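Please look through the points below with the model open beside you.

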Amino acid sequence: RSEEKFLCHMKFYFTTKTKVVFVLPFYQGGDLFTMLLRSGKFDETTVAFYTCQIANMIYFLHSKNIAYRDLKLENLMVNENGYLTLIDFGSCKVVESPSELESSFVGSPDYMAPEVINGDGHNLMADWWSFGIIIYELIFGVPPFHDDKIERCFDLITSANIRFPSKIKPTSGTKDIITKLLRKNPNDL
């Protein structure tokens, strides 16, 4: 399937007396987080280019009943042609059904869905929340609920409304998709 090209494939592995070493491809462009740091933010055309690829990644994993659970810019590598590849499948979980709830506290703070933080149980929808965070971050240069203190970040994720800085004017369609993806209740999507 064409979606598989967006996923990192191990080249080979070997073992030592104390370790298993996985050999992965080299991604000349580095990770998307570093690219964003260098540029500050991306224009909406560039964001659309990347988010179409990320949506394909999520859709493919979910079609295989796999919840990724740690979607963030640092796990998106840029190859020499500018396309993304998803890496680090250590937090993935195979789910029996899309509505199955998982109780693990997993993910990276700025990208965690409210239901993960609250311990309400989460499912595949938590990946779509993280996707909304990524879209926002690519446009504005910072995650929408970021705070240096993790507890405050979690409070903002679970209770604050999304705000759009006035200095950057995304299209109404972009604001609409971000707002829909970042609904506090995953059943509202």
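1. In this predicted model, H2 and H4 are roughly antiparallel to each other, because an angle over 145 degrees is counted in that way and the angle at which helix H2 (residues 44-63) and helix H4 (residues 125-140) pack is about 165°. Their axes are 10 Å apart, and the crossing of H2 and H4 is right-handed.

2. On the H2 side, the contact is made by Glu44, Val47, Tyr50, Thr51, Ile54, Ala55, Ile58, Tyr59 and His62, while H4 contributes Asp127, Trp128, Phe131, Ile134, Ile135, Leu138 and Ile139. Sorted by class, the contact of H2 with H4 comprises twelve nonpolar, two polar and two charged residues.

3. Ala126 also belongs to helix H4, and with a relative accessible area of 8% Ala126 is buried, since the cut-off is under 20%. Leaving aside residues up to four places away in sequence, Ala126 touches Ala113, Glu115 and Val116; the C-alpha atoms of Ala126 and Glu102, which lie 24 residues apart along the chain, are separated by 10 Å.

4. Asn65, in the loop between H2 and strand E3 (66-67), has a positive phi of about 60° although Asn65 is not a glycine. With a relative accessibility of 26%, Asn65 counts as partly exposed.

5. Arg69 is likewise not a glycine, and has a positive phi of about 70°; its place is in the loop between E3 and strand E4 (76-78). Is Arg69 buried or exposed? At 13% relative accessibility, Arg69 counts as buried.

Notes: Residues numbered from 1 in each chain as written. Predicted model: local features only at pLDDT ≥ 70, side-chain atom pairs only at ≥ 80, totals over all residues. Heavy atoms only, no water. Axes fitted to C-alpha atoms, helices over the stretch in contact; angles between N-to-C directions. Helix = DSSP H or I, 4+ residues; strand = E, 2+ residues; numbered from the N terminus. Parallel < 35°, antiparallel > 145°, perpendicular 65-115°, else oblique. Left-handed = near helix turned anticlockwise from the far one by under 90°. Contact = heavy atoms within 4.5 Å. Nonpolar A, V, L, I, M, F, W, Y, C, P; charged D, E, K, R; others polar. Buried < 20%, exposed > 50% of the residue type's maximum accessible area, 1.4 Å probe, protein only.
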